[in-house]
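Here are my notes for someone opening this structure for the first time.

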Amino acid sequence: MGLIENLRSTVRFQELTLDPVARRLDRVANIEDLRRIAKRRLPGGVFDYIDGGAEDERALARSVEAFNEFDFRPRILRDVSQVDTSVDLFGRSLPVPLVLSPTGFTRIADSQGELAVAQAAARAGLPYSLSTLGTRSIEEVAAVSDGRLWFQVYVWKDRGLVREMVERAADSGYEAICITVDLATLGKRERDVRRGFTLPPKIGPGTIIDGLVHPGWTADFVRADPILFANVSSRADGSDGSADGTEAVALAQFTEEQLDPSLSWDDVEWFRSIWDGPILIKGVQDVDDARIASDLSIDAIALSNHGGRQLDSSPAPFDLIPRVREAIGDDMALLCDGGIRRGADVVKAVAMGATAAMTGRAYLYGLGAGGERGVDKALDILAAEVRRAMILIGATTTDELNPNCLQPAP
Ligand SMILES: Cc1cc2nc3c(=O)[nH]c(=O)nc-3n(C[C@H](O)[C@H](O)[C@H](O)COP(=O)(O)O)c2cc1C
């Protein structure tokens, strides 16, 4: 046989993929790959808004690192031919212990924004939390998703507006509300300060140059409808002095003007009177507060430092799990939000005592890398990694995950 025939019989040439998104995503192995592609595709200011944290970014780094301080204790020969990765949350089954965290202004990563994320989440069977600062409205998201939707509440000074939004979520069939309590003032995100970053991004000379270097993002941004704070723009007449996203504003100024720093435990009780479904408090960062929360008529606690974007030197959510679980008992749902970059992190969170984990950046990197299909990719990767980790540690159900599955890494 000649050399060419020989080669032909052994080498299979890959089919050429013409679809640029598919081509981009084909070789993605993990969340870090999606992050790298997002970094290449998005203008620097947009990527840094997503990727960055507060001040020295210690809380951000710690929240990711905390998972690496534990190794698994893999057990062998346990018949892992059938593995069930599901958990129960609010009386319903989740295929993997994962929830998509709320992220404001999602449309700057991709013009479909929250619609893309909500649809990908529904396909994966996972709950998606829409932010108060979402750039698609409560109703728009409900119209495209037949999945589980949560509405994340920032408590505006104008409680009438808050009640209105919560009622709209109820009317649109949202399952739960998630009250974020760690934004009494905006954390100092120094990458945004240096970039002079505003929402939406201001079109200045820097943006134009950045746009030329990132043509895919720029074409999408310029062609799409203007980005609005879709849930608060009902007051866009300025009657409450609010911005709606049509004018470029610095996030710090916006939150100082709108969010209520006088928020207290009494307000949490008020939510019980206006919302019948599950209530989640997101942003618990201390055992004593977890105990207070567990005495109220709420349904779940999310341990969270806002992805390291608020108080730097705040504890890593993962580190808090065992003490908080002990303090609140076994019955209340406990979510670990922040630092998830691998399915193994999700498994470790559940082993430590969380009901499920929440993730923000992982899906935003996917969205920046490849739009809706990029979010599918991120969720597929995490779900497959959860399954693989469970098989390799010898756990066939999530009930078998407990602190004995872990040991401190030397
Ligand atoms: C770009 C971005 C925007 C965010 N916006 C919100 C928001 O509007 N409301 C909220 O409660 N949390 C918000 N968060 C925090 C996330 O809900 C979540 O706590 C955080 O992303 C978890 O950390 P991770 O990104 O490491 O998964 C945001 C996070 C990012 C990265």
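1. First, some ground rules. This is a predicted model, in which local features need pLDDT of at least 70, side-chain atom pairs count only at pLDDT 80 or more, and totals for chains, interfaces and linings use all residues. Residues are numbered from 1 along each chain as its sequence is written.

2. Start with helix H3 (residues 31–41) and helix H17 (residues 361–393). Helices here are DSSP runs (H or I, at least four residues), numbered from the N terminus. The axes of H3 and H17 come within 10 Å and cross at roughly 170°; axes are lines fitted to C-alpha atoms, for helices over the stretch in contact, with angles running from 0 to 180 degrees between N-to-C directions. So H3 is roughly antiparallel to H17 (over 145 degrees counts as that).

3. Who touches whom in that pair? On the H3 side, the residues in contact include Ile31, Leu34 and Arg35, and on the H17 side they include Ala362, Tyr365 and Gly366. Contact means that C-beta atoms, placed from the backbone, lie within 7 Å. By class, this contact has nine nonpolar, three polar and three charged residues (Ala, Val, Leu, Ile, Met, Phe, Trp, Tyr, Cys and Pro count as nonpolar, Asp, Glu, Lys and Arg as charged, and the others, Gly among them, as polar).

4. H17 also meets helix H16 (residues 343–352), with axes that come within 7 Å and cross at roughly 60°. That makes H16 oblique to H17 (oblique is what remains after under 35 for roughly parallel, over 145 for roughly antiparallel and 65 to 115 for roughly perpendicular). Gly343, Ala344, Val346 and Val347 are the H16 residues involved, and their H17 partners include Leu382, Ala383 and Met390.

5. Now the ligand. Of the 23 residues around the ligand, Ser101, Gly104, Gly307, Gly360 and Arg361 come nearest (near means a C-beta atom, placed from the backbone, within 6 Å). Helix H4 (44–51) and H17 are the elements that give two or more residues to this shell. By class, the shell has six nonpolar, 13 polar and four charged residues.

6. Is alanine 293 buried or exposed? Alanine 293, in helix H14 (residues 287–295), counts as buried because it has 22 C-beta neighbours inside 10 Å (20 or more is buried, 12 or fewer exposed, in between partly exposed). Leaving aside neighbours within four places in sequence, alanine 293 is in contact with Ile281, Val284, Ile298 and Ile301.

Definitions and conventions
Two residues are in contact if their C-beta atoms, placed from the backbone, lie within 7 Å.
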